[in-house]
Amino acid sequence: MHGDLKPENIVIQESQPGLFVGKVIDYDDGYIVGLPPGRDEVVGDQRFYSPELMMYIKGNPHVTGDMLTTASDMFALGLLLHMLFTGRLPHFERSEFSWAAEAALRESLTFDGVSGPLKAWLESLTQID
């Protein structure tokens with residue numbers, strides 16, 4: 001697991017005219033799938049936490065470390081890609097949410113500024129199931 005996907009950890013470089021390559025950097029928050037650090041030792045950018053990672057950190061007894069799979073990184077990737085395409089994180093339909101993970105749990109995460117297959121792809125990356 002990378003554990004900290006965010007714009008600052010993606011380097012995009014033009015390798016040939018018109019051809020861009022993205023590289024993921026900064027693996028210091030990474031861990032083996034299913035073996036995360038302790039709840040109070042998890043770091044990373046809260047804006048990109050998946051619902052299961054957020055619940056794990058908050059001490060939800062129903063979420064154990066073995067439940068933290070690559071799906072957490074895929075959730076973060078969906079948020080990250082929306083930010084790269086639109087310049088902002090997805091919209092929270094309700095203002096009481098601080099994190100996208102909270103909004104996703106309440107089915108209140110909205111991918112505005114994108115449409116068609118791209119929107120469907122981003123929504124599929126951030127499904128809570």
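Predicted model: local features only at pLDDT ≥ 70, side-chain atom pairs only at ≥ 80, totals over all residues.
Residues are numbered from 1 along each chain as its sequence is written, and side-chain values use heavy atoms, with hydrogens and water left out.

Now for the layout. The elements run β-β-α-α-β-α-β-α from the N terminus, with helices (H or I, at least four residues) and strands (E, at least two) taken as DSSP runs and numbered from the N terminus.

Start walking at His-2, in the segment before strand S1 (10-16). His-2 counts as buried because its relative accessibility is 5%. Setting aside neighbours within four places in sequence, its contacts (heavy atoms within 4.5 Å) include Val-24, Tyr-27, Asp-29 and Asp-73. A polar atom of the His-2 side chain also sits 3.0 Å from the backbone nitrogen of Asp-4.

Asp-29 belongs to the loop between strand S2 (19-24) and helix H1 (51-57). Asp-29 touches Asp-4 as well as His-2, and Val-43 is among its other partners. Asp-29 is buried yet has no salt bridge, a salt bridge being a side-chain nitrogen of Lys or Arg within 4 Å of a carboxyl oxygen of Asp or Glu. Its nearest side chain of opposite charge is Lys-6, 6.1 Å away; Lys and Arg count as positive and Asp and Glu as negative, with His and the chain ends not counted.

So where does Lys-6 find a salt bridge? Its partner is Asp-4, with the closest N and O atoms 3.5 Å apart, and both residues are buried.

The structure holds four salt bridges. Another one joins Asp-45 and Arg-47 at 2.7 Å, N to O. Glu-102 pairs with Lys-58, their closest N and O atoms being 3.5 Å apart. Because Glu-102 lies in helix H3 (residues 100-105) and Lys-58 in the loop between H1 and helix H2 (70-86), this pair ties together parts 44 residues apart in sequence. Glu-102 counts as buried at 17% relative accessibility, whereas Lys-58 counts as exposed at 54%.

Terms used
Buried < 20%, exposed > 50% of the residue type's maximum accessible area, 1.4 Å probe, protein only. Polar contact = N/O pair within 3.5 Å; in protein donor to acceptor, adjacent residues only side chain to side chain.
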